[in-house]
Amino acid sequence: MSRTTEQGTSEQGWADDQSADPVEAVPSVWRLAVYGLQHVLAFYAGAVVMPLLVAQGVGLPDKDIGMLVNASLLTCGIATLMQAVGFKGVGIKLPIVQGTSTTAVPSLVSVGLAAGGAKAGMPTVLGAVIAAGLALFVIAPVFSKLVKYFPPLVTGTIVTIVGITLLGVAARQVGGGDPSAETFGSPGQLGMAAVTFVVILLLYKFSRGFMATVAVLAGLVIGTTVAAVLGKTDFSRIGEASWFGMAAPLHYGVEFDTLAILALFMVMIIVAVESIGQFFAVGEIVGREVDGKGVTRALRADGLATAVAGVLNSFPSTVYSQNIGLIRLTRVKSRWIIASAGVIMILFGLVPKIGAVVASMPASVLGGATIVLFATIGVVGIQILLQADLTDQRNTILVAASLGIGFLPTAFPQFAEQMPTRQLHALFESGIILGTITAVLLNLFFHHVPLPSRRKKEEEPVDPSEHYMQHEVHTEKTASESDTV
């Protein structure tokens, strides 16, 4: 028998029809391939840009950039498999895509330059990545104790900030990717983005079942095809790329410097705090409870994947938000689809010519999809916020202040350039980090710092302790008390 999907259509071809849990459902092989490829295309730009930024910042020669990009794709695939499939004590086993963290770029570049720059600085960079990843793996259980400080009020605010902040990235892609280019924001670039955007909207309007779930993939393919017809796509890199290639582990060597390790470890702490809200967002979307143990397993996967990335000449791992938006849009929640995306990433990393085909996709075409995906993350944040009591004025101020402060680096990145230290520069460079810290601290101030002058009832947290994991608002007790009154 076929099952009815959330979109009201018959869904066929699933291998695991006995499972009522969509997270554990195993689609047919061709669905795994198509849905997995859609996730890879949504994530690809970020995985490629991050090693480019590090290579350019450190001063590596152009011939090394391709190697770092392939290493990034390979390690992203490994990290995604660790998270989605997992093994004993490692991995949250939810549909989460892992990619390289742009938050780490300033510290990686600073460490590399301080160690001599170019190839001379890379051994210290990779040593710091390995050590910081292992350190996060060891201290991951500590974060499970902090879950009670992330009720729906906080996680909803963080996820909303993520969506709003990333819209700036999507807007840059819509314009063509390089704001300094003469053609940036031209009618041609906007037109290519519009093709992808309109195709996605039309498929969601007129399609059902499978076609609706691959609307983003179809939009990207049609948008790239139109760009190719107009001569706006550069396929030269495909011929230049080799069919198979992988750099040896620790290609540059490895050195462990205490200060460099501390700098990267602080970045991993920031990435971990940033990721917690996104773990909750995925749990909310797929209907799975995320508890302290789940957070521990997820952060262990982050740490171990980062250490493996250092060995394989790549950089720290984190959750990729655009794929969370894709899961929300498509409602395809199987973690095995994400596992298939991980396998495809590994393939791209080992076969540079395949990766070059995807890299030929114009930035504006990708922007037509990410403008929807990133905005969807903001919608998920609002859905989580609806579970909190926003009639409480303190909660309203918490959300407003966090959104406002989180928006500052998005509006004016120049704030970061005025900071006197590298750590403060990294802090003020990310609206997600600033907004997250603000939300957590204000929640502590409003709901966990006792004030003797207030009555006990006013001192209680915004969400009763039994609701921290469930992310639900229960009203039965309130109704009962109301009846009594």
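This is a predicted model: local features need pLDDT of at least 70, side-chain atom pairs count only at pLDDT 80 or more; totals for chains, interfaces and linings use all residues.
Okay, one definition to start: I call a residue buried under 20% relative accessible area, exposed over 50%, and partly exposed in between, with a 1.4 Å probe and protein chains only. Take Asn313, which at 1% relative accessibility counts as buried.

Residues are numbered from 1 along each chain as its sequence is written, and side-chain values use heavy atoms, with hydrogens and water left out.

When I say helix or strand, I mean DSSP runs numbered from the N terminus: H or I with at least four residues for helices, E with at least two for strands.

Back to Asn313, then. You'll find Asn313 in the loop between H11 and strand S4 (317-319). Its phi is near 70°, a positive value in a residue other than glycine. Leu250 also has a positive phi without being glycine, near 50°. Leu250 sits in the loop between helix H9 (236-240) and H10, and Leu250 is partly exposed, with a relative accessible area of 31%.

On to salt bridges. By that I mean a side-chain nitrogen of Lys or Arg within 4 Å of a carboxyl oxygen of Asp or Glu. How many salt bridges does the structure hold? There are 4. One of them pairs Arg288 with Glu24, with the closest N and O atoms 2.9 Å apart. Arg288 is in the loop between helix H10 (258-286) and helix H11 (292-311), while Glu24 is in the loop between strand S2 (10-11) and helix H1 (29-58), so this pair ties together parts that are 264 residues apart in sequence. As for accessibility, Arg288 is partly exposed at 26%, and Glu24 is partly exposed at 23%.

Glu24 also meets Arg335 in a salt bridge, at 3.0 Å, N to O. That pair links distant parts of the chain too: Arg335 is in helix H13 (residues 335-350), Glu24 is in the loop between S2 and H1, and they are 311 residues apart. Is Arg335 buried or exposed? Buried, at 8% relative accessibility. Then there's Asp392 with Arg394, where the closest N and O atoms are 2.8 Å apart. And salt bridges that share partners join Asp21, Glu24, Arg288 and Arg335 into one network.

Helix H5 (residues 152-175) has 24 residues and should span 34 Å at 1.5 Å a residue; its end C-alpha atoms are 35 Å apart, which agrees. The expected span, by the way, is 1.5 Å times one less than the number of residues. H5 does bend, by about 25° at Leu167, the bend being the angle between axes fitted to the seven residues ending there and the seven starting there. Of the 24 residues of H5, 18 are buried, so H5 is largely enclosed by the rest of the structure. Gly175 belongs to H5, and Gly175 is buried, at 3% relative accessible area. The C-alpha atoms of Gly175 and Gly367 are separated by 7.9 Å, although the two are 192 residues apart along the chain.

H19 has 12 of its 17 residues buried, so it is largely enclosed by the rest of the structure. Among those buried residues are Ile432, Ile433, Leu434 and His447.

A word on aromatics. Rings of Phe, Tyr and Trp (its six-membered ring) pair if their centres lie within 6.5 Å; planes under 30 degrees apart are stacked, over 60 edge-to-face, and the rest tilted. The count here comes to 1 aromatic pair. Phe445 and Phe446 form it, tilted, at 5.3 Å centre to centre with 55° between the planes. Phe445 is exposed, with a relative accessible area of 53%.

Arg300 is partly exposed, at 25%.
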